[in-house]
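Welcome, and thanks for taking a look at this chain with me. Please open the sequence and the structure side by side, and we will walk through them together.

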Amino acid sequence: MIEDSKSKSKKVMSTTLEDTPMPSDLGWAWLPNLLLDSILEKLIPISDHIRFSAVCKHWKSVALHHKQQRVKSRHNQLPMLMIPTKHNSDERRGLYGVTQRKPYNFELYVPYKKRCCGSSHGWLACADDNLAITLLNPFTGRTIRLPPVTEVPPQAETFKCDYYINKVVLSADPCLFPNDYEVLVLYDHAGHKIAHFKSGDDGWSHIVIRTVIGFCDLIYYEGRFLVVSYDGLVFSIDTSSGSTAKPDIILVVKHAPQGGATLVESSSGELLLIRKLDVFDFWFGKMTQSFKVYRVECACGDRPEQVEEIESIGNDALFLDYTASMRVSALDFPGCQPNCIYFVADDWTGHLNEEPQGPLHMGAFNLENRRTETHQYCIDRPKANVPASIWILPTIV
């Protein structure tokens with residue numbers, strides 16, 4: 001069930017208006033709706049919508065009315081990086097903008113103790129101690145509580161239970177498709193196990209594929225889920241036959257690169273496989289990150305699979321972290337680098353890499369010159385057990 005609590009609406013997002021000019025004449029508050037709509041059509045970043053809504057009650061009303069048309073027009077949004085707040089709040093998270101190269105001046109109500117193990121369509125997937133999944137849209141305050149994926153394993157005392165869930169992906173936005181969205185989960189530490197949930201189901205369906213050493217990533221692509229294993233196999237999981245029938249599982253790629261990878265759909269609809277490589281820089285005496293990108297065509301009927309390394313992703317910009325992957329066309333966002341991979345590069349140590357070793361930062365890897373530009377977004381070392389930073393796609397519905 002989706003909860004939309006008005007009592008928490010004031011906690012969902014805080015914003016200061018220091019950078020937002022207020023109208024000097026009260027007549028501004030009553031500009032014609034048609035004119036305000038035309039202004040809203042020009043606004044793409046969600047932060048501009050927030051500032052527009054904060055001008056006055058009338059402008060906020062127009063913005064709320066406009067949001068359905070905004071969804072239909074499918075404006076792109078630039079992913080934001082959810083980070084610890086400046087004051088290490090226990091109840092809120094900050095947001096970092098890659099084009100502004102600084103945190104935004106508003107925060108999201110996301111409890112510090114919640115570990116996010118997925119980010120899809122503006123929703124965060126948070127794992128609870130009993131291995132239940134809570135879907136949270138921090139921009140609207142709506143939540144969806146799903147049943148436990150499985151029973152807590154006997155060896156749970158040796159690790160934090162929420163780390164038993166590796167990654168969660170949604171097929172669609174539950175706000176737009178409340179009765180027709182699906183959830184796929186990789187769990188059991190190395191992703192040995194897969195679970196599936198469809199809206200309206202009472203529990204999870206467990207999918208068994210016994211031919212791999214573990215799965216490293218998954219994606220919803222062209223109406224089906226794809227999962228990639230550490231040993232370079234890609235399986236298609238088609239659940240369109242219904243929740244009561246077994247899903248169709250097909251091995252569609254046999255020779256993908258081994259050793260862990262991330263799946264992303266390009267702006268042109270191609271399936272990309274991204275490998276992150278740690279390279280020792282002898283000049284600076286430290287480890288640096290590099291990436292290889294492959295274009296993948298799945299086997300279908302008589303058409304054989306194709307896996308080809310490519311040197312460019314064109315005008316796309318990719319956004320990767322441990323539990324989420326997204327892409328945009330950089331042409332839509334001034335300051336966003338094309339042919340670039342933005343990635344979380346925090347230094348972690350301790351049990352299950354849950355303690356930051358130094359300043360939190362992200363990197364921007366340029367595929368053309370093979371160089372990485374570093375963005376530090378948290379100079380002071382935050383407290384222990386800080387949640388990992390994660391990309392999120394801003395939404396207003």
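How many bridges join β13 to strand β14? There are 3 bridges between β13 and β14 (residues 205-207), and the two strands run antiparallel. Please keep in mind that this is a predicted model.

## The chain as a whole

Let us step back for the overall picture. The protein chain holds 4 helices and 30 strands. It has 397 residues, and 49% of them count as buried. Its accessible surface comes to about 19700 Å², with 51% of that area belonging to carbon and sulfur atoms.

Contacts can be sorted by sequence separation. Among those in the protein chain between residues at least 6 apart in sequence, 51% join residues at least 24 apart.

## The sheet from β11 to β14

The strands β13 and β14 belong to an open sheet of 4 strands, ordered β11-β12-β13-β14, and the pairing is antiparallel. At its edges stand β11 (165-170) and β14; each has a single partner strand, so one side of each is left without a neighbour in the sheet. From one strand to the next, the twist averages 25 degrees.

Inside this sheet, β12 (residues 182-187) pairs with β13 (residues 193-198) in the antiparallel sense over 6 bridges. On the way to β14, the bridge partner of Ile-194 is Ile-207.

Which residue in the turn between β12 and β13 has a positive phi? That residue is Asp-188, with a phi of about 80 degrees, and the hairpin has 5 residues between its strands.

The hairpin of β13 and β14 has 6 residues between the strands. Here Gly-200 takes a positive phi near 100 degrees.

## A serine in β24

Is Ser-329 buried or exposed? Ser-329 sits in strand β24 (residues 325-329). Its relative accessibility is 17%, and the limit for a buried residue is under 20%, so Ser-329 counts as buried at 17%.

What does this serine touch? Leaving aside residues up to four places away in sequence, Ser-329 touches Ser-267, Asn-315 and Asp-316.

## Aromatic rings

The structure holds 10 aromatic pairs. Ring pairs link Phe-291, Phe-343 and Phe-365 into a cluster. If you want to describe such pairs yourself, a pair of aromatic rings is described by the distance of the centres and the angle of the planes.

Definitions and conventions
Residues are numbered from 1 along each chain as its sequence is written. This is a predicted model: local features need pLDDT of at least 70, side-chain atom pairs count only at pLDDT 80 or more; totals for chains, interfaces and linings use all residues. Side-chain values use heavy atoms; hydrogens and water are left out. Rings of Phe, Tyr and Trp (its six-membered ring) pair if their centres lie within 6.5 Å; planes under 30 degrees apart count as stacked, over 60 as edge-to-face and the rest as tilted. Buried means under 20% relative accessible area, exposed over 50%, partly exposed in between (1.4 Å probe, protein chains only). Contact means heavy atoms within 4.5 Å. Accessible areas come from the Shrake-Rupley method with a 1.4 Å probe; for residues, only the protein chains shown count as cover. Two strands pair if DSSP finds at least two bridges between them. Axes are lines fitted to C-alpha atoms, for helices over the stretch in contact, and angles run from 0 to 180 degrees between N-to-C directions.
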